[in-house]
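The sequence and the structure come before the text.

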Amino acid sequence: NPSMRRFRIHVLLPFLTSCAMSAALGVLNPTLQPFLGAAPMRYSVTLVGFVFAAACVVYTLPAPLVGWVNDTTGSRYESVLVGLGCILTGLGYLIMAPAPWVAGQEDNLTTWLGICVLGLGVCFAVIPTYDFMLRFALHDDEMNRSNSTSALYNVSFSLGGFFGPTVGGAMTKALGTADAFIWIGYGLGVLGVAVVALGSLPTFRRPVEEVVS
């Protein structure tokens, strides 16, 4: 029977990564409009909507290519794709803030470049995550593996959708939006490196058939 309990403990890596990427998107909901609406940008609500749309477009366009690469390589490099996506998403936040080494203050270039890099990063991180989780499912047949993995994936994304705006809003209140973005950016970068490093370990690369047998 389908059960979210029948996974190797290693599934926590893609599970937490999926939560983090969903949270990274959720952070923008309560923070981006006040951030861009204040000086020096003074974006209108409509223009902020176009900024969100830019992230969606940049996410959508390369998505088929990322999925194709993951499929044609037999999901052997899913941890690399996911880790790269985390790093790019973090870089997007650092550009938008901007971090001191990027620019002196936010401007049109940092805003639009940052949101586009963020959207690209989310694409790389999210598209292969389902297959990454599926690798660790221990169910007896393919349908149960797929159903349980889909449920687990949705749980992880929903949790991130809750914690993103909550934690992002709290960080913004405590640190200011720019500093919150910087901390989030560096945190996602560390997560990306960890995903690549852990995902390359032999215990993470074992085919599920070996574990079930």
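## Basis of the values

The model is predicted: local features need pLDDT of at least 70 and side-chain atom pairs count only at pLDDT 80 or more, while totals for chains, interfaces and linings use all residues. Residues are numbered from 1 along each chain as its sequence is written, and side-chain values use heavy atoms, with hydrogens and water left out.

## Cysteines

The number of disulfides (pairs of cysteine sulfur atoms within 2.5 Å) in the structure is 0. Cys19 takes part in none, and the cysteine sulfur nearest to its own is that of Cys86, 12 Å away. Cys19 has a relative accessibility of 13% and therefore counts as buried. Here buried means under 20% relative accessible area, exposed means over 50%, and partly exposed lies in between, with a 1.4 Å probe and protein chains only.

## Salt bridges

Side chains of opposite charge can pair when their charged atoms come close. The whole structure contains 2 salt bridges, each defined by a side-chain nitrogen of Lys or Arg within 4 Å of a carboxyl oxygen of Asp or Glu.

One of them joins Arg135 and Glu78, with an N to O distance of 2.6 Å. Arg135 sits in the loop between helix H7 (129-134) and helix H8 (142-175), and Glu78 belongs to helix H5 (residues 78-96), so the pair ties together parts that are 57 residues apart in sequence. Helices are DSSP runs (H or I, at least four residues), numbered from the N terminus. Both Arg135 and Glu78 are buried.

Arg145 pairs with Glu142 in a salt bridge whose closest N and O atoms are 3.1 Å apart. These two residues are 3 residues apart in helix H8, so about one helical turn separates them. Arg145 is buried at 10% relative accessibility, whereas Glu142 is partly exposed at 45%.

## Helix packing

H5 packs with helix H6 (residues 108-126) at an angle of about 165 degrees, and their axes are 7 Å apart. Axes are lines fitted to C-alpha atoms, for helices over the stretch in contact, and angles run from 0 to 180 degrees between N-to-C directions. H5 and H6 are therefore roughly antiparallel; angles under 35 degrees count as roughly parallel, over 145 as roughly antiparallel, 65 to 115 as roughly perpendicular and the rest as oblique. Residues of H5 that meet H6 include Leu81, Gly85, Cys86, Thr89 and Gly92. On the H6 side, Gly114, Val117, Leu118 and Gly121 are among them.

Helix H2 (residues 28-37) packs with H8 at about 40 degrees, their axes being 8 Å apart. That angle makes H2 oblique to H8. Asn29, Pro30 and Thr31 of H2 make the contact (heavy atoms within 4.5 Å) with Pro165, Gly168, Gly169 and Thr172 of H8.

Thr89, in helix H5, has a relative accessibility of 0% and counts as buried. Neighbours within four places in sequence aside, Thr89 contacts Met21, Ala24, Leu118, Gly121, Val122 and Leu188.

Ala55 is part of helix H3 (residues 45-60) and is buried at 10% relative accessibility. Its C-alpha atom is separated by 7.6 Å from that of Leu120, a residue 65 residues apart from Ala55 along the chain. With neighbours within four places in sequence left aside, Ala55 is in contact with Ile115 and Gly119.
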